Amino acid sequence: MHPRDQTIFALSSGRTPSAIAVVRVSGPQAGLALTTLARKLPVPRRASRRLLRDGAGQPIDDAVVLWFPGPASATGEDVAEFHVHGGRAVLSVLFAEISVIPNIRAAEPGEFTRRAFENGKLDLTEAEGLDDLIHADTDRQRRQALRQLQGLLGDRARDWRERVIEASALIEAGIDFSDEGDVPAELRAPAIKAIETLHGEITKVLAAQGHSERLREGLAVAIAGEPNVGKSTLINQLARREVAIVSPHAGTTRDVIEVQLDLDGYPVTIIDTAGIRETDDPVEQEGVRRARARAEDADLVLWLMEGEQVVDPDAMRSLWKSGDSDRSEGSVWIVRNKIDLMAGDTRPSGEFGISARRGDGIPELVDALVKFASEFFGATEGAVVTRARQRDLLSRASESLRRSLDLVEDGEELAAEELRAAAYALGRLLGRVDVEDVLGAIFQKFCIGK
């Protein structure tokens, strides 16, 4: 029997021990599993209290069971759920009893969601939204994932694909009737109008996204500077806990330390790096190398300095591209630490002043980080694109539509081929054509039981 035809089961709730654990079974043997353990099927989609028994008739647990006959279920198959007490011993016996039923096996990561996708219960953008929702750490991530799960992109992509196919049909009909005088021209005009409208809509969506797909990963902010300027103290202040060792000795930080923060719903990773300096210590040299590499990859660098220290442009440029900086001016901020020891506020315009030890200036720095994140991610509330894969396929569809407009007057066959390419890209976006190569990469990242 093919693995996809087998019945699968898994723990679909959180880590045990827990008050309640949910075990889900999906496939043709789900009903048999339910009758074997609970003695009879409950009324569909209605919770029923049952005493589960093993093969010898001995009690396993007092549980609540549910029965969802396919296709009216989450996976489109017959689905049974066992809501039991979440002790390890209870689950161990339950799993053992389910496993002995013929053609039932433990589920692989993401297999329940993959079956839902394969049975038409959700498209690939909705499956990605579900994965993002499970892994959301901030409220903005949650809201973006939920909109995707509810079909924000999928519904638009289906509509776009249908309209591309309709326009393609008009172009191809014109080819078929090319010997009928003015018939091709009559078919071509509405096709061109439809293609122009579609191209405009997709281009507008792509232009309005900002870095919305990066909301899943978050904004990377590196704290860099020379040794002993207070980088570790600053990251402790931002994290509001001791995450880095603070010492008066230069070279204390040898490795990259990362802290994930939720700043007004934006996920931000703060990175504490080793002090940038020349050293003969091979361990510290490796720390400096990692600091430079991490700063080069960061979306924003906070260059930390002491008090009235003069900015050294060469030291800053040494952080990336071997001294040849291609960063925008806004992606490097000068932050002067220990302003409590300065005689007066002599900071140049555009710089930040803080006391990492006392907390002076930290609220203003955090507010600026929130504003930077808001501008970086763009309008996340209306974001349609949430993954690089989606952006790439929409870009391909848009380019194919643009090329079809360039070709339609002089080469209808080539224009029709470009329209087929646009429809194909949108089909891949939804997961409805030739996506076997990406399915494994997507669903294997799901947790088991989902």
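**Exercise 1.** Which strands does helix α3 lie across, and at about what angle does α3 run to β1?

*Solution.* Let's start with the model itself: it is predicted, so local features need pLDDT of at least 70, side-chain atom pairs count only at pLDDT 80 or more, and totals for chains, interfaces and linings use all residues. Residues are numbered from 1 along each chain as its sequence is written, and side-chain values use heavy atoms, leaving out hydrogens and water.

Step 1: find helix α3 at residues 111-118. Helices (H or I, at least four residues) and strands (E, at least two) are DSSP runs, numbered from the N terminus.

Step 2: Axes are lines fitted to C-alpha atoms, for helices over the stretch in contact, and angles run from 0 to 180 degrees between N-to-C directions.

**Exercise 2.** Work out the order of the strands in the sheet and name its edges.

*Solution.* Step 1: trace the open sheet of 6 strands, β3-β4-β5-β2-β1-β6, with mixed pairing. Its edge strands, each pairing on one side only, are β3 and β6 (104-106). From one strand to the next, the twist averages 30°.

Step 1: zoom in on β3 and β4 (residues 59-68), which run antiparallel and are joined by 6 bridges. Two strands pair if DSSP finds at least two bridges between them. Leu51 has Asp62 in β4 as its bridge partner.

**Exercise 3.** Is Leu41 buried, partly exposed or exposed?

*Solution.* Step 1: locate Leu41 in the loop between α1 (30-38) and β3 (48-53).

Step 1: apply the cut-offs: buried is under 20% relative accessible area, exposed is over 50%, and partly exposed is in between (1.4 Å probe, protein chains only). Leu41 is partly exposed because its relative accessibility is 37%.

Step 2: list its contacts (heavy atoms within 4.5 Å). Beyond four places in sequence, Leu41 touches Gly31, Leu34, Thr35, Arg50 and Trp67.

**Exercise 4.** Where does pLDDT stay under 50?

*Solution.* Step 1: pLDDT is the predictor's confidence in each residue, from 0 to 100. The protein averages 82, and 76% of the residues score at least 70.

Step 1: pLDDT stays under 50 over residues 245-254 and over residues 321-325.

Step 2: where pLDDT is low, the predicted coordinates should not be read in detail.
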